[in-house]
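Open the model in a viewer and keep the selection tool at hand.

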Amino acid sequence: MLLCRDIHFNRITQPEYDAKCFLSACGFSNIFLELKFSWIIKLMFAFSCRSAFELWGHGRTHSELRTSLLKYPSENMTPFMQRDSTYRINVYTFNKTLEFADRIKRIDAMEYLPFEGTVSLKSPQHIFCLLEDYGTDPNNIPEHPSYVYFGRWIADGQRELIRSHSVKNRHFIGNTSMDAGLSFIMANHAKVKENDLVFDPFVGTGSLLVACSHFGAYVCGTDIDYNTIHGKGKACRSSRKNQKWRGPDENIRANLRQYGTQRSYLDVMVSDASKPVWRDTVLFDAIITDPPYGIRESTRRTGSHKDITKPPDDFCGESHVPVSMAYHLSDIFTDLLNFSAHHLVKGGRLVYWLPVYRPEYCEEMIPLHPSLRMISNCEQTLSSHTSRRLITMEKIKEPEESDALAHLSDPRFSPYQGHNAFREKYFSGLNKNHQSNCCSNYNKQPKMNE
Ligand SMILES: C[S@@+](CC[C@H](N)C(=O)[O-])C[C@H]1O[C@@H](n2cnc3c(N)ncnc32)[C@H](O)[C@@H]1O
């Protein structure tokens, strides 16, 4: 069997596959995997899968493909090539577009196969596919394919679901609504299943709740932004044409209603993630979130009496509790890991995005917690110098008092201050000073807890 995966999600597919069936890498290329039927069945629920085919032949050239196809057992072919059957041959090319005439030529060249049925373009009983792989580099497309395959189409993956849940047609969206495909992949990384309880502490417009509710999980979330939680305020530019203010049906509950999963909706509330409101017990099967990076939304937290610095002795004004203050990225991630360590069930997963300045990236930057085991860390490139990493962690034990000293043995247990300058680095582009400031300097960063 041949599985064709979506190159768009290339770097984040393997953990999704692992979460589905503990599959270790095996395959022809970045795009095509040869798998057992039972694995294909499981993987068809992975969102990075395009289609599955019964593989009849393959080779580096069309002539090798022909040799391979002629060796394929005829008893496996003939049931699909009977005189009274209808069929169609599709040509799929990856990283190259073929002219219509060239596609026809490719199909005509397959005449050595014993097709006896009638061609039906509209509703064929059997669909066969010729797949040509031109690699993955759009700036270096070879003249000839690097590999070719021929097979019988079995099924498409979950792409239709990605289309039907596209944020373009969603009731309620915002500037940072998470793309449907990535939301589903995050839910798969977290192994979300029916009746799970899932929480998003930076819920925004609830795209991640939409994906988790599709798998039958009960969902809830918090966000510091009153307007977002209550569906009030200015409409996002792309949400509805010519509409300045959000309408009455623009809220997270309405989003779930749109997809028929309203029964999974628990609630969302206005709350600051730096001051969690939950009682101190394990609650959630998964915590899935996209924290603010300070690019399109601010990273703020509420002020408190504790945050007031002692005024000088000669100060005669009133003491002031700030309404809000900066919430540094390093603190956001430390709080998120701590919260997850305390509130996830054992075996529960935390899945979140971590923005990084690529020239400085090294694995040591990824925040750790003694109660959480790293499952995967995959990159999605945002620009030449920035990317975000999809981090998946699993809770392995309840937090202990001694964990507070864990940073003494590994600095990654204390906040990595380098994340805090992400906004400046994002807007400054590639900077030679930053390039030399990478991993080797990690241990020299001042530590918050020191
Ligand atoms: C990247 S957006 C999340 C987008 C969301 N995944 C969606 O699909 O719409 C980050 C969210 O974090 C919220 N936020 C910022 N600071 C916060 C805080 N201290 N506590 C809770 N939420 C906060 C912002 O209001 C914003 O909605």
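Start by selecting V198 and A286: the bridge partner of V198 in β11 is A286. The two strands involved, β8 (residues 197-200) and β11 (residues 284-289), pair in the parallel sense over 2 bridges. Strands here are DSSP E runs of at least two residues and helices are H or I runs of at least four, numbered from the N terminus; two strands pair if DSSP finds at least two bridges between them. Strands of a sheet pair through backbone hydrogen bonds, either parallel or antiparallel.

Two notes on the model before going on. Residue numbers start from 1 along each chain as its sequence is written. The model is predicted, and local features need pLDDT of at least 70, side-chain atom pairs count only at pLDDT 80 or more, while totals for chains, interfaces and linings use all residues.

**The sheet**

**Helix α8**

A residue is buried if 20 or more other C-beta atoms lie within 10 Å of its own, exposed if 12 or fewer, and partly exposed in between, with C-beta atoms placed from the backbone. The buried residues of α8 pack against α7, β8, β9, α10 (252-258), β10 and β11.

**The ligand**

Now select the ligand and the 24 residues that surround it; F202, G204, T205, S207 and A273 are the closest. A residue counts as near a molecule if its C-beta atom, placed from the backbone, lies within 6 Å of it. Which elements supply at least two residues of the shell each? They are α8, β9 and β12 (300-302). Coloured by class, the shell has 7 nonpolar, 10 polar and 7 charged residues. In this scheme Ala, Val, Leu, Ile, Met, Phe, Trp, Tyr, Cys and Pro count as nonpolar, Asp, Glu, Lys and Arg as charged, and the others, Gly among them, as polar.

α7 is mostly covered, with 10 of its 10 residues buried.

The loop between α7 and β8 holds K191 and also N195. Most residues other than glycine have a negative phi. K191, not a glycine, has a positive phi of about 55°, and N195, also not a glycine, has a positive phi of about 70°. K191 is partly exposed, with 19 other C-beta atoms within 10 Å. N195 counts as exposed, with 10 C-beta neighbours inside 10 Å.

**The cores**

Select I288 next. Leaving aside neighbours within four places in sequence, I288 is in contact with M186, A187, A190, V198, D200, L208, C212 and V351; contact requires C-beta atoms, placed from the backbone, within 7 Å. I288 is also among the residues with the most contacts inside the largest nonpolar core, which has 59 residues. A nonpolar core is a set of buried Ala, Val, Leu, Ile, Met, Phe, Trp, Tyr and Cys residues joined through C-beta atoms within 7 Å. Apart from this core lies another, of 19 residues, including C4, F32, L131 and V148.

**Last stop: M110**

Finish at M110, in the loop between α5 (100-108) and β5 (118-119). M110 is partly exposed, with 17 other C-beta atoms within 10 Å. Not counting residues up to four places away in sequence, M110 touches I89 and L130. A C-alpha to C-alpha distance from M110 to H62 gives 9.7 Å, with the two 48 residues apart in sequence.

Notes. Two residues are in contact if their C-beta atoms, placed from the backbone, lie within 7 Å.
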